[in-house]
Amino acid sequence: MRRAVGRVALALGLPVVLLVVWWFASAGSQSFYEPPLSRIVAAFPHTWTWARIRGDIAPSVIRLLIGYGLALLLGVAIGVAVGASRWLRSLTEPILEFLRAIPPPVLVPILILISGLGDRTKVLVITVGGIWPILLNTVEGVRGVDEVLADSCRSYRIHGWLRLRTLLLPAASPQIVVGARQALSISIIMMVIGELLGTTNGLGYTVIEFQRGFQIPEMWSGVFVLGLLGVVLTAIFGLLERRVLRWYHAVRAVERSRP
Amino acid sequence: MLEIQGLRKVYDGHGRQIEALRDITLTVAAGEIVCVVGPSGCGKTTLLRCIGGLLPTTSGHVRLAGTPVTGPADGLAIVFQEYGRSLFPWLRVADNVALPLRAKGLAKAQRSRLVAEALAAVNLPDAGHAYPWQLSGGMQQRVAIARALAYQPRVLLMDEPFAAVDAQTRADLEDLVRTLWHTTGVTLLFVTHDIDEAVYLGQRVVVLSSSPTHVVEDLAIDLPDERDQLSTRSDPRFVELRTHVYARIKRTETAKPVS
């Protein structure tokens, strides 16, 4: 318990210090674009009203979750297929490397041309950005399945769906989680980028609107909300990870304790 | 039950051919326990993987109950040396043992009955809920043996299963193998580099040469059927047999062509 309290104190310590420094350093600021932190904080209650949460944060988060979920689903499905088959790997490797090397924001105008300005495009933008780390890490994870374990499966004639569920996916899960974690932060970035062009709601849209309307403290508060969204999602991700990879961390702990 | 005739295995690697097995011919009758022993690096594991259908042979053939082995055969189970890598760390012990039975399509009630029986047979009746990594090395290997038993194979292959456990555990596990062989009547091929272990366990000991490997001797072990770690190992006949096998292996090692 005391250790947990200590950890929380450590984790919160630096942000608190930074905020305090910011608060006093900016206190006398006359700059229009860099208002005192006190004014940014004061902007929160009238900016992030219930209507705005429903009208802007919720659509963003829903699009993010759908886009990210699709990236996860497609990335793992394609990754398992590619990782499990040598010829498919040789066939697709150059293309995957090429596609991965394209910065996803570049694809936004193309996606808008193809699929219009609707919600579908904004979801696609998130999926297209987030899929690569998941896909490539899944390929590596499936390829790295322990040989002895794979042989055990083969000799007991464990095939198909059962093999996928009990061998490939769990064995690759530590790698998949690494990819999924990267994809989460990319997805948040893509969510904002997707909302910068031709939208009428969303977090990214709101921040841009405040900037264009010279509502600077409100704009800063929007940046805060985006950051907080990232922190919350990462925390939820961490909780899920601990559940999914419980065995993995336990095995690692056992290995570390043995000479 | 098991017929291996003129088995040859050549690995093709990086333009260099490595002849792991030159000519292996041996048969194991139904219900027999045969130990294969040879100097380290003589391709014992390769032989076992060929018999288990995990590795294609270069020439010669393997027959299980008259049927040529072309892939992992029904009614054959393998216990690997690396117990830590042959059990699924994300599955509980009982699920590990039950997995091959699920692949076989057995009903749940029958599965749990076989799992309980197998775990009881290896003296781990209460370990079903544990994870493999919570158990000691010897216990993990017992679980691997239980998994093989629950599968109800006609032929059980064991690849140096006790090479990585301490001496006391090893002696216990050797006696366990003899007991299980008696009670189940399974045909058992046991590969080891430990001469004492081979003589102690086997009805026959097949001595392999160093690489390129062939059978140098097929020796009947005329020790009484009841074996005991203390009295059997001090039996003058046991000492005679192990000395004989040891001398044969030494001779093949010194006769190794310098290349």
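Author: Helices here are DSSP runs (H or I, at least four residues), numbered from the N terminus. This is a predicted model, with local features needing pLDDT of at least 70, side-chain atom pairs counting only at pLDDT 80 or more, and totals for linings using all residues. Residues are numbered from 1 along each chain as its sequence is written, and chains are lettered from A in the order in which they are written.

Reader: OK, what's the volume of the largest pocket?
Author: About 720 Å³. A pocket is an open set of points on a 1 Å grid over the protein atoms alone, where a 1.4 Å probe fits, with protein on both sides within 12 Å along at least five of seven lines. Volume is the space filled by probe spheres set on the points, which are joined across faces, edges and corners.

Reader: Which residues are closest to its centre?
Author: V251(A), E255(A), G84(B), R85(B) and P89(B), out of 29 lining residues (those with an atom within 4 Å of a point).

Reader: And which helices supply at least two lining residues each?
Author: Helix 6 (119-143), helix 8 (160-196) and helix 11 (246-257) of chain A, plus helix 2 (83-86) of chain B. Helix 11 of chain A gives the most, six residues.

Reader: Switching over, how much space is in the second largest pocket?
Author: About 470 Å³. Among the residues closest to its centre are R86(A), R143(A) and R163(A).

Reader: Which helix has the largest share of that lining?
Author: Helix 7 of chain A, with four residues.

Note on methods
Side-chain values use heavy atoms; hydrogens and water are left out.
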